[in-house]
Amino acid sequence: MVYSEYTWIFVLSIIVAFFVAFGIGANDLANSFGSSVGTKAIKMWQAVIIAGFCEFLGAFFLGASVTDTVKSGVVNVSQFKNVPGLFMYGFFAAMCAAAFWDNFACYLEVRCCILTYTPKRCLHVASRNAFT
């Protein structure tokens, strides 16, 4: 296995990705099943099972197309050819912000949508590099 100067960012990104997924899952569960569980149409354990199943299927079948959209439709990766560290640092920071905000919003019981702020952070990273 070859280690580079950016391996630590990759490893930390994997760890932070679990926190992002936890926050997204918790937020999606509350947004999708709050009224169903609140009206006692289904029990909480049933909502957790259904949501876990649907979250997994969505990530498994649609995750690659979302990644392709961000990679080629939102950010031009070729601009970072000479500065790969900036690309990794920038997206790691965006992922840390998403993990913090989504989990903090769930803790405060505030509705939020990760889709409104993560692409903005990606665009911010790309635009900063475009003008430097």
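This is a predicted model: local features need pLDDT of at least 70, side-chain atom pairs count only at pLDDT 80 or more; totals for chains, interfaces and linings use all residues.
Student: Is K40 buried or exposed?
Tutor: The cut-off for exposed is over 50% relative accessible area. K40 has a relative accessible area of 71%, so it is exposed.

Student: Back up a bit: in what order do the elements of the chain run?
Tutor: The chain has four helices and zero strands. Reading from the N terminus on, the order is α-α-α-α.

Student: What share of the chain do buried residues make up?
Tutor: Buried here means under 20% relative accessible area. The chain has 132 residues, and the buried share of them is 22%.

Student: Where is the kink in α1 centred?
Tutor: α1 has 32 residues and reaches 45 Å from its first C-alpha to its last, close to the 46 Å expected. Even so, there is a kink of about 50° in α1. The kink is centred on S32.

Student: How far does α3 reach from its first C-alpha to its last?
Tutor: α3 has 24 residues. At 1.5 Å a residue you'd expect 34 Å, and the reach is close to that. From its first C-alpha to its last, α3 reaches 34 Å.

Student: Is F33 buried or exposed?
Tutor: F33 is found in helix α1, where the buried set also includes V16, V20 and L29. The buried cut-off is under 20%. F33 has 17% relative accessibility, so it counts as buried.

Student: How far apart in space are F33 and A51, C-alpha to C-alpha?
Tutor: In sequence, F33 and A51 are 18 residues apart. In space, C-alpha to C-alpha, the gap is 8.3 Å.

Student: What about F92: buried or exposed?
Tutor: F92 is found in helix α3, whose buried residues include F91, A94 and A98 as well. With a relative accessible area of 16%, F92 falls under the 20% cut-off and is therefore buried.

Student: How many residues apart in sequence are F92 and A17?
Tutor: C-alpha to C-alpha, F92 and A17 are 9.5 Å apart in space. Along the sequence, their separation is 75 residues.

Student: Which helix gives the most to the lining of the second largest pocket?
Tutor: That pocket has a volume of about 170 Å³. Its lining includes A26, N27, A30 and N31, along with A105 and E109. Both α1 (7–38) and α3 (84–107) supply at least two residues of the lining. The helix that gives the most, with four residues, is α1.

Student: By class, how many residues in that lining are charged?
Tutor: Among the lining residues are C106, V110 and R111. By class, the lining has five nonpolar and two polar residues. The charged count is two.

Student: How many disulfides does the structure hold?
Tutor: A disulfide needs a pair of cysteine sulfur atoms within 2.5 Å. The number of disulfides in this structure is zero.

Methods. Residues are numbered from 1 along each chain as its sequence is written. Side-chain values use heavy atoms; hydrogens and water are left out. On a 1 Å grid over the protein atoms alone, a cavity is a set of points where a 1.4 Å probe fits but cannot get out, and a pocket is an open set with protein on both sides within 12 Å along at least five of seven lines; lining residues have an atom within 4 Å of a point. Grid points are joined across faces, edges and corners, and a volume is the space filled by probe spheres set on the points. Ala, Val, Leu, Ile, Met, Phe, Trp, Tyr, Cys and Pro count as nonpolar, Asp, Glu, Lys and Arg as charged, and the others, Gly among them, as polar. The expected span of a helix is 1.5 Å times one less than its number of residues. The bend at a residue is the angle between axes fitted to the seven residues ending there and the seven starting there. Buried means under 20% relative accessible area, exposed over 50%, partly exposed in between (1.4 Å probe, protein chains only).
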